[in-house]
Amino acid sequence: MQELEERIQSEGTVKAGNVLKVDAFLNHQCDVRLFDRMGSAWAAHFAGKHITKILTIEASGIGIAAIAAQHFGSIPVIFAKKTRSRNLDGALYTAKVHSFTKDITYDVQLSKKFLGPQDTVLILDDFLARGQALLGLIDIVRQAGAQCAGCGIVIEKQQQGGGALVRAAGVRLESLAVIASLENDTVTFAQ
């Protein structure tokens with residue numbers, strides 16, 4: 001997505017350890033008009049898939065998924081929680097997810113009452129680095145007996161291998177911007 005790549009180039013900064021900071025428009029301050037155009041792009045990529053739910057993981061994916069859902073007929077957005085809380089009760093789907101950015105492993109959870117075999121799910125998230133969050137969410141979809149239509153990612157960091165893992169698992173992956181490298185404080189996009 002040309003617009004997204006231009007925003008990454010103009011407003012993104014490369015930090016130590018292969019970290020791309022895009023908090024000015026994606027995961028701290030949110031540009032909802034950009035989110036809307038991303039939702040439109042994913043709707044075109046997944047046209048005809050009869051998606052019934054969008055699944056993401058807290059927290060940065062929630063806003064993106066909520067705006068994107070409007071392009072799929074305002075379907076429900078559900079999100080896996082990273083921490084157990086008093087209001088998360090009943091039967092749960094769970095998966096272990098390691099965060100590259102925070103270097104923490106979470107036991108993510110989703111209430112079984114919101115996802116089942118009748119659902120066709122699109123998984124959306126902001127970043128794809130090593131693929132652990134997506135693989136965990138794919139596992140939750142499979143635990144539910146639901147169909148995974150695929151995954152939509154805002155920014156895929158190709159050099160970290162997560163995209164290859166997801167594709168090797170047989171899951172369709174549509175990334176709106178694919179970064180080949182973040183060397184020397186420079187963002188290089190895949191061709």
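**Notes on the predicted model**

1. Thr 56 stands opposite Phe 79 in strand 4. The two strands concerned, strand 3 and strand 4, run parallel and are joined by 4 bridges. Note that the model is a predicted one.

2. On its other pairing, strand 3 runs parallel to strand 7 over 3 bridges, and Leu 55 stands opposite Ile 123 in strand 7. Strand 3 is largely enclosed by the rest of the structure, because 5 of its 5 residues are buried. Both faces are covered: Lys 53, Leu 55 and Ile 57 are buried on one side, and Ile 54 and Thr 56 on the other. Lys 53 may be worth a look in the viewer, as a lysine among these buried residues.

3. Strand 7 continues the sheet by pairing with strand 8 in the parallel sense over 8 bridges. In this pairing Leu 124 stands opposite Gly 152 of strand 8. Strand 8 in turn pairs with strand 9, again in the parallel sense, over 6 bridges, with Cys 151 opposite Leu 173 in strand 9.

4. What is the order of the strands in the open sheet? The sheet has 6 strands in the order 4-3-7-8-9-10, and the pairing is mixed. Its edge strands are strand 4 (77-80) and strand 10 (188-189), each of which pairs on one side only.

5. Helix 2 lies across strand 7, strand 8 and strand 9, and runs at about 115° to strand 9. Helix 3 packs on the sheet, where it touches strand 3 (53-57), strand 4, strand 7 and strand 8. The direction of helix 3 makes about 165° with that of strand 3.

6. The largest nonpolar core has 34 residues. Those that touch the most other members are Ile 8, Leu 20, Leu 26, Met 38, Trp 42, Phe 72 and Ile 155. Two or more residues each come from helix 1 (2-11), helix 2 (32-45), helix 3 (60-69), strand 7 (120-128), strand 8 (147-157) and strand 9 (173-181).

7. Leu 26, like Met 38, is listed among the core residues that touch the most other members.

8. The largest pocket has a volume of about 720 Å³. It is lined by 31 residues, and Lys 82, Ser 99, Thr 101, Asp 126 and Phe 127 lie nearest its centre. At least two lining residues each are supplied by strand 2 (19-21), helix 3, strand 5 (92-99), strand 7 and helix 4 (132-143). Strand 7 gives the most to this lining, with 4 residues.

9. Gly 163 is found in helix 5 (residues 162-168). Is this glycine buried or exposed? Gly 163 is buried, with a relative accessible area of 2%. Not counting residues up to four places away in sequence, Gly 163 touches Leu 128, Glu 156 and Leu 173. Between Gly 163 and Gln 2 there are 20 Å in space, C-alpha to C-alpha, and the two are 161 residues apart in sequence.

10. A cis peptide bond joins Glu 58 and Ala 59, with omega about 5°. Ala 59 lies in the loop between strand 3 and helix 3.

11. Positive phi values also occur in residues that are not glycine. For Ser 74, phi is near 55°; this residue is found in the loop between helix 3 and strand 4 and is exposed, with a relative accessible area of 55%. For Asn 184, phi is about 55°. Asn 184 sits in the loop between strand 9 and strand 10, and is exposed, with a relative accessible area of 73%.

Notes. Residues numbered from 1 in each chain as written. Predicted model: local features only at pLDDT ≥ 70, side-chain atom pairs only at ≥ 80, totals over all residues. Heavy atoms only, no water. Core = buried A, V, L, I, M, F, W, Y, C linked by side-chain atoms within 4.5 Å. Buried < 20%, exposed > 50% of the residue type's maximum accessible area, 1.4 Å probe, protein only. Pairing = 2+ DSSP bridges. Contact = heavy atoms within 4.5 Å. Axes fitted to C-alpha atoms, helices over the stretch in contact; angles between N-to-C directions. 1 Å grid on protein atoms, 1.4 Å probe; cavity = no way out; pocket = protein on both sides within 12 Å on 5 of 7 lines; lining within 4 Å. Points joined across faces, edges and corners; volume = space filled by probe spheres on them.
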